[in-house]
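Trainee: I have just opened this one and would like to be walked through it. Could we go slowly, one topic at a time?

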Amino acid sequence: MEDTEIQDFNPLALDNQLCFALYVCSKEIIRKYTPLLEPLGLTYTSYITLLCLWEKDNVPVKELGERLFLDSGTLTPLLKRMEGQGLITRTRSSKDERTVFIQLTDNGKSLKEKCVGIPQQMMCSNLLDLKDAANLLKVLHKVMETVAEEKEQ
């Protein structure tokens with residue numbers, strides 16, 4: 001920002017709120033996922049849960065929540081719904097009853113084939129060109145790292 005822009009900057013203007021811009025973008029991008037996910041019986045949150053499990057299956061609920069940045073109040077009902085859909089199983093650890101492991105079922109694993117085109121379909125929405133999208137992703141990952149570090153303190 002130049003000096004005149006800094007002097008004229010209104011910190012309470014809605015358009016100057018980074019969090020508001022992120023909120024609107026997130027909400028609208030998730031809305032664009034809806035017609036792609038609904039035919040598969042998925043919500044955006046169940047989709048990202050599957051993405052996580054396709055990378056690493058049989059994980060403790062706590063680890064899954066940390067990876068997805070979801071608290072147990074959000075994650076538990078989601079996992080119950082996904083179990084009811086036959087996508088995952090929840091199994092208590094024999095070593096520590098407090099630990100619950102999440103595993104994909106065969107249905108959950110096979111859904112991956114049906115989802116493989118979704119990222120490409122979203123890219124074709126022309127939200128950003130590839131270079132801008134890659135740069136934004138770098139910045140957002142940096143913000144996520146900072147948030148995670150502050151959470152640990």
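Predicted model: local features only at pLDDT ≥ 70, side-chain atom pairs only at ≥ 80, totals over all residues.

Trainee: What is the handedness of the crossing of helix 3 and helix 4, left-handed or right-handed?

Mentor: The crossing of these two helices is right-handed.

Trainee: And which residues make the contact?

Mentor: From helix 3 there are Ile48, Thr49, Cys52, Leu53 and Glu55, and from helix 4 there are Leu64, Arg67 and Leu68. Sorted by class, the contact of helix 3 with helix 4 has five nonpolar residues, one polar residue and two charged residues.

Trainee: Okay, moving on to the core. How many residues has the largest nonpolar core, and which have the most contacts inside it?

Mentor: The largest nonpolar core has 26 residues, and those with the most contacts inside it are Leu50, Leu64, Ile88 and Ile102. At least two residues of this core come from each of helix 2 (18-37), helix 3 (44-55), helix 4 (61-68), helix 5 (72-84), strand 3 (100-104), helix 6 (106-115) and helix 7 (118-123).

Trainee: Which helix gives the most to this core?

Mentor: Helix 3 gives the most, with six residues.

Trainee: Let me pick Ile102, then. What is Ile102 in contact with, leaving aside its neighbours within four places in sequence?

Mentor: With those neighbours left aside, Ile102 is in contact with Leu53, Asp57, Asn58, Val59, Val61, Leu64, Leu79, Ile88, Thr89 and Arg90.

Trainee: Asn58 is on that list, so where does Asn58 lie?

Mentor: Asn58 lies in the loop between helix 3 and strand 1 (59-60), and although Asn58 is not a glycine, it has a positive phi of about 60°. Asn58 counts as partly exposed because its relative accessibility is 36%, which falls between the 20% and 50% cut-offs.

Trainee: Changing topic to cysteines, how many disulfides does the structure hold?

Mentor: The structure holds zero disulfides.

Trainee: Is Cys52 buried or exposed, and what about Cys115?

Mentor: Cys52 is buried, with a relative accessible area of 11%, and Cys115 also counts as buried, at 3% relative accessibility.

Trainee: What about Ser46, buried or exposed?

Mentor: Ser46, whose place is in helix 3, is buried, with a relative accessible area of 2%. Apart from its neighbours within four places in sequence, Ser46 is in contact with Leu78 and Met82.

Trainee: Now the loops. Where is Leu87, and what is Leu87 in contact with?

Mentor: Leu87 has its place in the loop between helix 5 and strand 2 (88-92), and at 6% relative accessibility Leu87 counts as buried. Beyond its neighbours within four places in sequence, Leu87 is in contact with Leu42, Leu50, Met82, Gln103, Leu104, Thr105, Asn107, Gly108 and Leu111. The C-alpha atoms of Leu87 and Ser110 are separated by 9.3 Å, although these residues are 23 residues apart along the chain.

Trainee: Thr105 was in that list, so where is Thr105 found?

Mentor: Thr105 is found in the loop between strand 3 and helix 6, and it is buried, with a relative accessible area of 18%; the cut-off for buried is under 20%. Leaving aside neighbours within four places in sequence, Thr105 is in contact with Gly86, Leu87, Ile88 and Thr89.

Trainee: Last one, Pro11: where is it, and is it buried or exposed?

Mentor: Pro11 is found in the loop between helix 1 (3-8) and helix 2, and it is exposed, with a relative accessible area of 52%. Pro11 and Thr74 are 63 residues apart in sequence and, C-alpha to C-alpha, 32 Å apart in space.

Terms used:
Residues numbered from 1 in each chain as written. Heavy atoms only, no water. Core = buried A, V, L, I, M, F, W, Y, C linked by side-chain atoms within 4.5 Å. Buried < 20%, exposed > 50% of the residue type's maximum accessible area, 1.4 Å probe, protein only. Helix = DSSP H or I, 4+ residues; strand = E, 2+ residues; numbered from the N terminus. Contact = heavy atoms within 4.5 Å. Left-handed = near helix turned anticlockwise from the far one by under 90°. Nonpolar A, V, L, I, M, F, W, Y, C, P; charged D, E, K, R; others polar. Disulfide = S-S within 2.5 Å.
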